[in-house]
Amino acid sequence: MSIQNADLHCHSVVSDGTLEPEALAARARANGVDLWALTDHDEIGGQHRARAAAHANGMAYLTGTEISITFANTTVHIVGLGFDADDPAIVAGLRATRGGREARAREMADGLAQVGIHGSYEGALKYVGNPELISRTHFARFLVETGVCADTSEVFRNYLVEGKPGFVPHRWATLENSVRWITQAGGLAVIAHPGRYKFTPTEEYALFSEFKSHGGRGVEVVTGSHTPADFEKYAQMALDFDLHASRGSDFHSPDESNVDLGTLPPLPKTLTPVWDALADRIQHP
Ligand code: AMP
Ligand code: MN
Ligand code: MN
Ligand code: MN
């Protein structure tokens with residue numbers, strides 16, 4: 001089966017999306033997706049439902065997650081695709097990565113209270129589908145609901161980011177562990193949306209080369225987080241570092257996401273897609 005429309009990055013209520021896995025699958029299919037992956041942050045609790053819903057809609061499926069790591073004092077995301085979701089090491093690693101979120105959320109609420117925004121922990125919790133996965137996105141929804149900000153992108157300009165109220169520095173997983181969890185469970189590790197990180201060229205080179213040295217094999221080139229200029233830049237980086245290319249909307253919500261499932265341009269023809277390297281990991285309906 002040749003893949004025409006792969007979307008290998010999105011979020012459900014199991015992390016910080018607003019749709020259930022079944023609704024995401026139906027939406028992906030309606031937009032023409034034929035290979036899909038649900039990639040909740042630090043969580044694989046939605047994988048069985050997502051695969052069943054993919055198959056019910058006639059789509060091929062790859063298991064997925066998006067792991068939060070800290071690299072060069074910056075939060076970076078590593079997407080894992082096609083791994084065994086029952087592998088004990090990745091299950092334990094993701095659980096440990098989720099572990100710090102509760103305390104961090106309470107500290108975020110303390111920081112917001114200091115600038116007069118009260119009740120944000122309880123307010124954010126109303127949007128949380130998974131008690132182990134309270135994220136900045138849930139706080140952002142509360143700040144929009146209460147009129148502090150007009151939309152979530154305003155929240156991420158004025159709050160919850162370095163130097164702004166509500167920001168809490170956090171140490172996530174390591175690059176090495178994230179890549180190891182994914183690859184030892186039979187999957188392929190992918191650098192998520194590299195265009196989003198504010199790295200110097202030296203730091204970015206270090207990320208790509210260390211990622212490769214740990215066994216990482218993919219990079220997102222066409223993602224909802226990239227501009228067309230980023231598509232070109234990271235297509236060249238994929239060639240320079242001999243990485244497979246991935247494509248995914250990073251869809252979170254019909255109300256918040258600019259890019260819908262399955263609607264991005266195709267990967268440049270010069271690149272080798274990640275799904276070519278994952279042929280034996282794709283779960284067909
Ligand atoms: P956390 O894992 O709690 O640090 O939350 C990270 C999430 O916040 C990301 O996965 C996005 O969903 C969201 N986010 C981060 N930056 C922005 C932004 N500038 N605009 C909208 N959402 C953002
Ligand atoms: Mn998110
Ligand atoms: Mn991300
Ligand atoms: Mn994402």
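The legends below describe close-up views of a predicted model.

In this predicted model, local features need pLDDT of at least 70 and side-chain atom pairs count only at pLDDT 80 or more, while totals for chains, interfaces and linings use all residues. Residues are numbered from 1 along each chain as its sequence is written, chains are lettered from A and ligands numbered from 1 in the order in which they are written, and side-chain values use heavy atoms, with hydrogens and water left out.

**View 1. Site of the manganese ion (ligand 2), with protein donors Asp 16, His 41 and His 252.** Donors are N, O and S atoms within 2.8 Å of the metal (3.2 Å for Na, K and Ca); water is not among the atoms, so sites may look incomplete. The donor atoms are OD of Asp 16, NE2 of His 41 and NE2 of His 252, at 2.1 to 2.2 Å from the ion. Along the chain, these donors have the spacing D-x24-H-x210-H. Asp 16 is in the loop between strand E1 (6–7) and helix H1 (21–30), and His 252 is in the loop between strand E8 (244–248) and helix H11 (274–277), so the pair ties together parts that are 236 residues apart in sequence. Helices (H or I, at least four residues) and strands (E, at least two) are DSSP runs, numbered from the N terminus. Asp 16 and His 252 are both buried, where buried means under 20% relative accessible area, exposed over 50% and partly exposed in between (1.4 Å probe, protein chains only). The distance from the manganese ion (ligand 2) to the manganese ion (ligand 3) is 5.7 Å.

**View 2. Site of the manganese ion (ligand 4), with protein donors His 9, His 11, Glu 66 and Asp 250.** NE2 of His 9, NE2 of His 11, OE of Glu 66 and OD of Asp 250 lie 2.1 to 2.2 Å from the ion. The sequence spacing of these donor residues is H-x1-H-x54-E-x183-D. His 11, in the loop between E1 and H1, and Asp 250, in the loop between E8 and H11, link parts of the chain 239 residues apart. Both His 11 and Asp 250 are buried. The manganese ion (ligand 4) is 4.6 Å from the manganese ion (ligand 2).

**View 3. Aromatic pairs, including Phe 71 with Phe 199.** Six aromatic pairs occur in the structure. Rings of Phe, Tyr and Trp (its six-membered ring) pair if their centres lie within 6.5 Å; planes under 30 degrees apart count as stacked, over 60 as edge-to-face and the rest as tilted. The ring centres of Phe 71 and Phe 199 are 6.1 Å apart and the planes stand at 85°, so this pair is edge-to-face. Phe 71 belongs to strand E4 (residues 64–71) and Phe 199 to the loop between strand E6 (188–191) and helix H9 (201–213), so the pair ties together parts that are 128 residues apart in sequence. Phe 71 counts as buried at 9% relative accessibility, and Phe 199 counts as buried at 14%. Elsewhere, Tyr 205, Phe 208, Tyr 234 and Phe 241 are linked into a cluster by ring pairs.

**View 4. Helix H6 (residues 136–145) and its packing.** Seven of the ten residues of H6 are buried; they are Thr 137, His 138, Phe 139, Ala 140, Arg 141, Phe 142 and Leu 143. These residues pack against helix H4 (101–113), helix H5 (120–125) and helix H7 (152–158), with contact meaning heavy atoms within 4.5 Å. At the start of H6, a side-chain oxygen of Ser 135 comes to within 3.0 Å of the backbone nitrogen of Thr 137. Gly 147, which follows H6, has a positive phi near 80°.

**View 5. Ala 72 and Asn 73 in the loop between E4 and strand E5 (74–81).** Although not a glycine, Ala 72 has a positive phi of about 50°. Ala 72 counts as partly exposed, because its relative accessibility is 37%. Asn 73, also not a glycine, has a positive phi of about 60°. At 67% relative accessibility, Asn 73 counts as exposed.

Key
A polar contact is a pair of N or O atoms within 3.5 Å; within protein, one must be able to donate a hydrogen and the other to accept it, and residues adjacent in sequence count only if both atoms are side-chain atoms.
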